[in-house]
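Below is a short briefing on one protein chain, meant to be read alongside its sequence and coordinates.

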Amino acid sequence: MMKLAVCEEMKKLRKWLDENNIEWKDLSTNMPFNNICRTHFTVNGYFFSVIHGYGSYGGWDSFYRDQGLLECMIGNHEPVGWLTAEDIVEQIKDIQRRTKSDFTEME
């Protein structure tokens, strides 16, 4: 079985998470026809699942070549695809700003 390759956008996202002290877990699956590179993490109580692989929005399948982009689901919301690492970082920063202002208003 081939080793699961981590796409460049996922590498960039994981590097940014490391640099910003956001703990993440690699929950990838490496199956013969259904490889999914999966990164899970939580920011201010919001759960993120970011994937790239077979059948993901921005990944590949039997009809489309790999686009090298990420799919992200936050909490129980519908996943959004065809994202770069930068797109997801902006979502993280937005949540950090919103939740920080929520805490400030409570004080």
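Five strands make up an open sheet in the order E1-E2-E3-E4-E5, with antiparallel pairing; strands are DSSP runs of E with at least two residues and helices are runs of H or I with at least four, numbered from the N terminus, and two strands pair if DSSP finds at least two bridges between them. At the edges of the sheet lie strand E1 (24–26) and strand E5 (80–83), each of which pairs on one side only. This is a predicted model, in which local features need pLDDT of at least 70 and side-chain atom pairs count only at pLDDT 80 or more, whereas totals for chains, interfaces and linings use all residues. Residues are numbered from 1 along each chain as its sequence is written, and side-chain values use heavy atoms, with hydrogens and water left out.

**Sheet geometry and helix packing**

- Neighbouring strands of the sheet are turned against each other by 25° on average, direction ignored; axes are lines fitted to C-alpha atoms, for helices over the stretch in contact, and angles run from 0 to 180 degrees between N-to-C directions.
- Helix H1 (residues 8–19) packs on the sheet and touches E1, strand E2 (36–43), strand E3 (46–53) and E4, while its direction makes about 25° with that of E2; contact means heavy atoms within 4.5 Å.
- The chain holds two helices and five strands, and from the N terminus on its elements follow the order α-β-β-β-β-β-α.

**Strand pairs from E1 to E3**

- E1 and E2 run antiparallel and are joined by three bridges; Lys25 has His40 in E2 as its bridge partner.
- Eight bridges join E2 to E3, again with antiparallel direction, and Arg38 stands opposite Ile51 in E3.
- E2 and E3 form a hairpin with two residues between them, and Asn44 in this turn has a positive phi of about 50°.
- Six of the eight residues of E2 are buried, so E2 is largely enclosed by the rest of the structure; buried means under 20% relative accessible area, exposed over 50%, and partly exposed in between, with a 1.4 Å probe and protein chains only.

**Strand pairs from E3 to E5**

- Four bridges join E3 to E4, which run antiparallel, and Ile51 has Glu71 in E4 as its bridge partner.
- E4 (residues 70–74) is joined to E5 by two bridges in an antiparallel pair, where the partner of Leu70 is Leu83 in E5.
- E4 and E5 form a hairpin with five residues between them, and Gly75 in that turn has a positive phi of about 60°.
- Because four of the five residues of E4 are buried, E4 is largely enclosed by the rest of the structure.

**A buried loop residue**

- Asn35 lies in the loop between E1 and E2 and is buried, with a relative accessible area of 16%.
- Not counting residues up to four places away in sequence, Asn35 touches Leu4, Thr29, Asn30, His52, Gly53, Tyr54 and Trp60.

**The chain as a whole**

- The C-alpha atoms fill a box of roughly 55 × 25 × 20 Å, taken along the principal axes.
- Of the 107 residues in the chain, 36% are buried.
- Among contacts in the chain with a separation of 6 or more, 38% come from residues 24 or more positions apart.
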